[in-house]
Amino acid sequence: MATAQQTRPKAETAPKGPGGEEFRAWLSRTWPSVLVLIGALLAWELAVEIFNVSSFVLAKPSEFIAATIEQRELLLAATWVTTEEILYGFLLSVVVGVVLAVAIARFPWLERAVYPLVVLFQVVPKVALAPIFILWFGYGLAPKLLLIVVIAFFPITLNMIVGLKAVDQDLLLLMKSVGSSRNQIMARIQFPTSLPYLFAGMRIAITLAVIGAVVAEFAGAKDGLGYLIQFASTQLDTPLMFAALTLVSLLGLVLYYGMSLLEFLLRRRFPHLKSPESA
């Protein structure tokens, strides 16, 4: 006869997923930055008030926050225009960067012929290219996208080339021993191995895309946050200028962490996408 202790069903515990632990880890990393930001804004507010700095020279945080609320429709419209430019230019940068990296890794002679030129082109001041692109393509979307691509494709190309060459040599020899072609090795081994490096380059590129969009709008635009910053500076509207500058910074921050979130979600589905720096 079974005892009560033997017949008592065992309590089943639900498996603990990594989501809660990762969220707490993210929160522990984030709250110090939030506190520092709040402290910096308070110090800024007090310093401007104590030293009686004119708002034409340096707007207080309370002033450009108020300007953000008052001019919210104008700022939201400009933010949307800049966001479209950034996203379109970033997607083109990813395509250009991936294609160039795969071509360089696939054909060694192309690396010797093209890679030094890519590096040389990267050191050209991009601010100087903006008016040239506008001269060639006008004031539409094309010169802005082209400038974003020129600025943002390089970290994608560089990181992916490193990833394509980081393949396990034993695995590479195994694939060659079973008769795999170079295209098969590229598709089945090198490309999956390079994906974490690709995401690392994309996180850098999305911030450079923000810079590229604003620089292009400085050179010539009729809308966007860069245009609004320049317009506010000519009108001596310092609170509006700081409000637009703050939105540019927040936009870059949101896009950067949005890219990190995309990588996190894909990593939950494909564990081999773990970032190289966290490996």
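## Ser93

Ser93 counts as buried because its relative accessibility is 0% (buried means under 20% relative accessible area, with a 1.4 Å probe and protein chains only). Ser93 sits in helix H4 (a helix is a DSSP run of H or I, at least four residues, numbered from the N terminus). A polar atom of the Ser93 side chain lies 2.7 Å from the backbone oxygen of Gly89.

Leaving out residues up to four places away in sequence, Ser93 touches Ile148, Val149, Ala152, Phe153 and Ile156 (contact means heavy atoms within 4.5 Å).

The model is predicted: local features need pLDDT of at least 70, side-chain atom pairs count only at pLDDT 80 or more, and totals for chains, interfaces and linings use all residues. Residues are numbered from 1 along each chain as its sequence is written, and side-chain values use heavy atoms, without hydrogens and water.

## Gln122

Gln122 belongs to helix H5, residues 108–122. Its relative accessibility is 19%, so Gln122 counts as buried. Gln122 touches Val150, Ile151, Phe153 and Phe154, with residues up to four places away in sequence not counted.

## Second largest pocket

The second largest pocket has a volume of about 260 Å³. Its lining has 14 residues; Ala105, Leu164, Leu172, Arg182 and Gln190 lie nearest the centre. By class, the lining holds 8 nonpolar, 1 polar and 5 charged residues.

Helices H4 (72–106), H5, H7 (141–165), H8 (169–177) and H9 (182–219) each supply at least two lining residues. H9 gives the largest share, 4 residues. A pocket here is an open set of points on a 1 Å grid over the protein atoms alone, where a 1.4 Å probe fits, with protein on both sides within 12 Å along at least five of seven lines; lining residues have an atom within 4 Å of a point.

Key:
Buried means under 20% relative accessible area, exposed over 50%, partly exposed in between (1.4 Å probe, protein chains only). Grid points are joined across faces, edges and corners, and a volume is the space filled by probe spheres set on the points. Ala, Val, Leu, Ile, Met, Phe, Trp, Tyr, Cys and Pro count as nonpolar, Asp, Glu, Lys and Arg as charged, and the others, Gly among them, as polar. A polar contact is a pair of N or O atoms within 3.5 Å; within protein, one must be able to donate a hydrogen and the other to accept it, and residues adjacent in sequence count only if both atoms are side-chain atoms.
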